Amino acid sequence: QVQLVESGGGLVQVGGSLRLSCAASGRTFSSDGMGWFRQSPGKEREFVAAFSWSGGSTYYADSVKGRFTISRDNAKNTAYLQMNSLTPEDTAVYYCAAGPIGWPNSRYDYWGQGTQVTVSS
């Protein structure tokens, strides 16, 4: 059974940092694209960051560019999202996903259950 499990969410003050992890099991995702998405109450799910299946390209939403960094550790079958300079607008449930390409608008076949990030002012 393929699973993606996010962790690392929590409550943080404005300007703080968090690192989210996405541990994959059931298969190896080293050749897949990985992405992070988020959804706030009353809003649609939005793209946050991704890296392509080849690992050669990374993509970020304009709202997080320069503050968030996506990375992966293939040996651990785990992806990460380092989030710095957090603002209340970053409050959301964050989801990781895996797909064959790893572009912002490409297909993602596997999704985690999400982890809550709350930024207090």
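**Entry 1: the model.** I am working with a predicted model, so I kept to local features with pLDDT of at least 70.

**Entry 2: the disulfide.** I looked for disulfides and found one in the structure. Cys-22 and Cys-96 form it, with their sulfur atoms 2.0 Å apart. Which parts of the chain does the pair link? Cys-22 sits in strand E3 and Cys-96 in strand E9, so the pair joins distant parts of the chain, 74 residues apart. I also checked the handedness: the angle about the S-S bond is 55°, and the link of Cys-22 and Cys-96 is right-handed.

**Entry 3: the core.** How many residues does the largest nonpolar core have? I read 31 residues, and those with the most contacts inside it are Trp-36, Val-48, Phe-68, Leu-81, Met-83 and Tyr-94. Next I noted the elements that give two or more residues to this core: strands E3 (18-25), E4 (33-39), E5 (46-51), E7, E8, E9 and E11 (115-120). Leaving aside residues up to four places away in sequence, Leu-81 touches several residues, among them Trp-36, Val-48, Phe-68 and Tyr-94. The contacts of Leu-81 also include Leu-18, Arg-19 and Leu-20, as well as Ala-49, Thr-69 and Ile-70.

**Entry 4: a surface patch.** Which residues make the nonpolar surface patch of about 330 Å²? They are Trp-53, Ile-101 and Trp-103. I followed up on Trp-103, which lies in the loop between E9 and strand E10 (110-111). Its relative accessible area is 47%, so Trp-103 is partly exposed.

**Entry 5: two positive phi angles.** A reminder to myself: most residues other than glycine have a negative phi. Asn-77 is not a glycine, yet its phi is positive, about 55°. I found Asn-77 in the loop between strand E7 (68-73) and strand E8 (78-83). Is Asn-77 buried or exposed? Its relative accessible area is 16%, and the cut-off for buried is under 20%, so Asn-77 is buried.

Ser-85 is my other case, with a positive phi of about 50° although it is not a glycine. Ser-85 belongs to the loop between E8 and strand E9 (92-99). At 41% relative accessibility, I logged Ser-85 as partly exposed.

Key. Residues numbered from 1 in each chain as written. Predicted model: local features only at pLDDT ≥ 70, side-chain atom pairs only at ≥ 80, totals over all residues. Heavy atoms only, no water. Helix = DSSP H or I, 4+ residues; strand = E, 2+ residues; numbered from the N terminus. Buried < 20%, exposed > 50% of the residue type's maximum accessible area, 1.4 Å probe, protein only. Core = buried A, V, L, I, M, F, W, Y, C linked by side-chain atoms within 4.5 Å. Contact = heavy atoms within 4.5 Å. Patch = residues over 30% accessible without salt bridge, like charges linked within 9 Å, V, L, I, M, F, W, Y side chains within 5 Å. Areas by Shrake-Rupley, 256 points an atom, 1.4 Å probe, with all protein chains shown as cover. Salt bridge = Lys/Arg side-chain N within 4 Å of Asp/Glu carboxyl O. Disulfide = S-S within 2.5 Å.
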